[in-house]
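Here is a friendly walk through a few spots in this protein. Take a look at the sequence and structure first.

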Amino acid sequence: MSDKRDYYEVLGVSKNATAAEIKKAYRKLALKYHPDKNEGDTAAEDKFKEAAESYEILSSAEKKSRYDQYGHAGMGGSGGSGGGMNMDDIFSQFGDVFGGAFGGGGSFGGSRGGGRSRVVRGTNLRVKMKLTLQEIAEGVNKKIKVNKLMNADGVTFKECQTCGGSGRVTRVAQTFLGAMQTQSSCEACHGAGKMIDKKPAGADANGLERKEEVIEIDIPAGVMDGMQLSVSGKGNAGPFNGVAGDLIVVVEEVTDEDLRRDGDHIHYDAYVNFVDAVLGASIEIPTVSGKAKIKVDPGTQSGKILRLKGKGLPILQGYGSGDLFVHINVWTPKKVSKEEHEILEKLKESENFIPSPDRNEKGFFQRMKDMFQ
């Protein structure tokens, strides 16, 4: 289980909170724990980052939906990117929330004023990862090769001469109300405050080149087909030495030859011969973690369902595991020998072989109903 606090708890909002309420709650915490207001207070800085991480997830419809369904495990184990971001990253990503409070002439007036350049964020990458039921049951550490944009070796940057490294330009226009001053992102450096000084061969206009990187990913036990895990900072690098995007890992469950998945439960069709169904037997069946032996009682009817508690898949973001349901099917031979035919004809005459179900013998639909109760 993750030791991270619940994102809704961090912001002090309910799961039904609107986007406006989430934004308002985050802005209140950001103002309260802003480093300029709490200089030297590491606890306040941690809460500032925690709030930023919570807002990053809950302000995104896609990430919020994934978090609501899978909790912190759905965020790739590390949660959002807030915990690993520096202050520049946070201000760049959520500057629209702060408004003028952290801008030029803001209420804190510290070094984080209007002269801050914009940290450009790289794009996210999306990859599919195939997992077997056994890997899903136990959780797995995978290493994958990802072809992505990275900072070119030897690239250097210099201050943008147009904006003086601030990333913004100020313009003064005369209107009938007098002089009006406006600020906008620098068009020369796109708000980064930097320009490429030296660019090695093979690098693009942003100082990036495509390289291959081996990335290690921890997949939690109990993930489901189609689930998306986010690995912070492992996407494409940001232009001008900016913040890297995320790597989105989409889980693709490999169909098992014997076992069928139903949420956290597993189903298996076990076939027994007529004699074993009559006399009883011990049979071996596959499970998500190996093999298991089960007892088939004498007189077992075809269609009976045996329930092995806790032999299913681990419950994601919860305790315990689902169950394994074994469906007993009595195998009927399609062809028999002359000798077998004579034996069966003799058995047919026995009153014991005449079907006579009592009220305790449940039909198919009743068995299915009982199975999920």
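In which helix is Leu347 found? Leu347 sits in helix α8. The model is predicted, with local features needing pLDDT of at least 70 and side-chain atom pairs pLDDT 80 or more, while totals for chains, interfaces and linings use all residues. Residues are numbered from 1 along each chain as its sequence is written, and side-chain values use heavy atoms, leaving out hydrogens and water.

**Two residues and their exposure**

Buried means under 20% relative accessible area, exposed over 50%, and partly exposed in between (1.4 Å probe, protein chains only).

| Residue | Relative accessible area | Class |
|---|---|---|
| Leu347 | 31% | partly exposed |
| Thr300 | 8% | buried |

**Around Thr300**

Thr300 belongs to the loop between β13 (290-296) and β14 (305-308). Its side chain reaches the backbone oxygen of Asp297 at 2.5 Å. Leaving aside residues up to four places away in sequence, Thr300 touches Ala277, Ile328 and Val330 (contact means heavy atoms within 4.5 Å).

**Helix α3**

Helix α3 (residues 42-58) has 17 residues and should span 24 Å at 1.5 Å a residue, which agrees with its end C-alpha atoms being 24 Å apart; the expected span is 1.5 Å times one less than the number of residues. At the N-terminal end, Asp41 caps α3, with a side-chain oxygen 3.1 Å from the backbone nitrogen of Ala43. Buried residues of α3 include Ala44, Phe48 and Leu58.

Methods: Helix = DSSP H or I, 4+ residues; strand = E, 2+ residues; numbered from the N terminus. Polar contact = N/O pair within 3.5 Å; in protein donor to acceptor, adjacent residues only side chain to side chain.
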